Number of protein chains: 2
Amino acid sequence: MLKVSIIGTGNVAKHLYNAFFKAEIVEIIQVVGRNKKALSSFGIEEKTTSDFSEIEDADIYVVAVSDSAISAVSQKLESKSGLVAHTSGASSIEMLSKHKAYGVFYPLQTFSKDQKIDFRKVPVCVEGSTKSNMTILKKLGSEISESVHEVDSEQRQTLHLSAVFVNNFTNHLFYIGNKICEENQLPFDLLKPLIEETVQKLKSTTPFNAQTGPARRGDQETLISHMEQLGSLQDKEIYNLLSQSIQSTYGKKL
Amino acid sequence: MLKVSIIGTGNVAKHLYNAFFKAEIVEIIQVVGRNKKALSSFGIEEKTTSDFSEIEDADIYVVAVSDSAISAVSQKLESKSGLVAHTSGASSIEMLSKHKAYGVFYPLQTFSKDQKIDFRKVPVCVEGSTKSNMTILKKLGSEISESVHEVDSEQRQTLHLSAVFVNNFTNHLFYIGNKICEENQLPFDLLKPLIEETVQKLKSTTPFNAQTGPARRGDQETLISHMEQLGSLQDKEIYNLLSQSIQSTYGKKL
């Protein structure tokens, strides 16, 4: 049995809890967090505490808190001999170097409160301070996911940066598309099959080969007409910069 | 029976041909195009021609050519009494106003050569020069799609602009994410579950509510670290501009 405690009560903590709960060889010892209301939503009152002096012994402490809180929260675990692992894409493993055994357990996914996730498909990127810590975290990962990868801190930070482009920025483009539709009384739903197909294409081709549109074709007339249609200065800047980036990718001049 | 001829041999023409071919009350009269090799790929030699003087009578001519060719190509149809419709998102219906009967038949989707599409889910936006032409195009649309919409030229141009944001620009962000992975010997596949979830979320929430990430949280440390990690000046500009746009959307200051 792997005895696991989760420190944190946010979306990552909640989704990890649900995944560990189903895992056969994982026993959840405790969920620890300051937010009592969030703790109560785990539905296991006897195993939760908001008092950091009451943290029980576990094999692994999974610190699923915001990047800026990792340092302060992990200090509360300094007396423990269990492995302390954070779940952050952006933070180095060395943030936890005061601990005897430490590592990283980073699920590369976006988690929302009410959105169910098939955790078996979520890539889990693990890093350990020693080979045996790596082995323990890989074992924990393989209990909840089919996609477990040894990834060092630099690589993980690179993945996190890529993730900002393909997830955060992409979602923001969806927001702009939605806003343009709303401002013109058009249902955003009309664009959803197109959005799905944009992603579907990645199964059979690269984004480089999948690129279409006026910037890719060098269709100046449409580019100018789109710039004129846009009301917001910031949206115009985004349109212009991304069109330029597409054109320089394919060696066309604006 | 609706007698339909397709003018053009590109991806849109090919996908429309496949959809019309399956439709019960549609008879494809001809496929017309200058490119003989492309014509031969339709596999119906007896019904294709590259000689525009050989265009036979049809009820509807679907002009599926690039925006810049619509005007020249449709001139070849001026003697015809059938309804002439282009398939462009960006071009006004008035491009065809020299014809007796004209309209627009715009499938809002991205079409690739080798990618199969379930046309029944593709939104088809139709516009007719008269009510009866609208009715004819709606009938043609409903033969191949469950999602047919009356959309005027201004609305269609707005949809097309939104489509550039959610499809062309999104795909370019995938390209940048892929490039960053490749430059660091990381498999882009690790990001695909995240990309799928980004789109999946749109089924249950708005892009506004789905936004996560360092810009949304106002996490300056990660924003600065990401900027430092980026090698390309253009990627830095994109990172900066999109982060600013997210922050101004949520009323946070950089």
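1. Contacts of B:Thr110. In this predicted model, B:Thr110 touches residues of both chains once its neighbours within four places in sequence are set aside: A:Leu194, A:Glu197, A:Lys201 and A:Thr212 from chain A, and B:Ile117 and B:Asn167 from chain B. With A:Lys201 there is also a polar contact, side chain to side chain, at 2.7 Å.

2. Setting of B:Thr110. The residue sits in the loop that runs between β6 (102-107) and β7 (124-128) of chain B. B:Thr110 counts as buried because its relative accessibility, 5%, is under the 20% cut-off.

3. Extent of the interface. Chain A contributes 81 residues to the contact and chain B contributes 80 residues. Together the two chains bury about 8,000 Å², and 68% of that area is on carbon and sulfur atoms.

4. Elements on the chain A side. Two or more residues each come from α5 (153-183), α6 (192-200), α7 (207-210), α9 (220-229) and α10 (233-249) of chain A. The largest contribution is that of α5(A), with 25 residues. Sorted by class, the side of chain A that touches chain B holds 37 nonpolar, 34 polar and 10 charged residues.

5. Polar links across the interface. Which is the count of salt bridges between chain A and chain B? The rule finds 0. Polar contacts are found, however: 30 residue pairs across the interface of chain A and chain B, both residues at pLDDT 80 or more. The pair B:Thr110 and A:Lys201 makes a polar contact through side chains.

6. Symmetry. Chain A is superposed on chain B by a rotation of 180° with 0.0 Å of shift along the axis, at an RMSD of 0.0 Å. The two copies are therefore related as by a two-fold rotation axis. Which residue of chain A comes closest to that axis? It is A:Thr170, whose C-alpha is at 2.7 Å.

7. Shared surface. Of the interface residues of chain A, 99% are also interface residues in chain B, so the copies meet through the same surface.

8. B:Ser147. This residue is in the loop between α4 (131-144) and β8 (148-150) of chain B. Is B:Ser147 buried or exposed? B:Ser147 counts as buried, since its relative accessibility is 18% and the cut-off for buried is under 20%. Its side chain makes a polar contact of 2.8 Å with the side chain of B:His149. Apart from neighbours within four places in sequence, B:Ser147 is in contact with B:Arg120, B:Val122, B:Pro123 and B:Val124.

Definitions and conventions:
Residues are numbered from 1 along each chain as its sequence is written. Chains are lettered from A and ligands numbered from 1 in the order in which they are written. This is a predicted model: local features need pLDDT of at least 70, side-chain atom pairs count only at pLDDT 80 or more; totals for chains, interfaces and linings use all residues. Side-chain values use heavy atoms; hydrogens and water are left out. Copies are superposed by least squares on the C-alpha atoms of residues with pLDDT of at least 70 in both. Contact means heavy atoms within 4.5 Å. Buried area is the accessible area (1.4 Å probe) that two parts lose on being put together, summed over both. A salt bridge is a side-chain nitrogen of Lys or Arg within 4 Å of a carboxyl oxygen of Asp or Glu. A polar contact is a pair of N or O atoms within 3.5 Å; within protein, one must be able to donate a hydrogen and the other to accept it, and residues adjacent in sequence count only if both atoms are side-chain atoms. Helices (H or I, at least four residues) and strands (E, at least two) are DSSP runs, numbered from the N terminus. Ala, Val, Leu, Ile, Met, Phe, Trp, Tyr, Cys and Pro count as nonpolar, Asp, Glu, Lys and Arg as charged, and the others, Gly among them, as polar. Buried means under 20% relative accessible area, exposed over 50%, partly exposed in between (1.4 Å probe, protein chains only).
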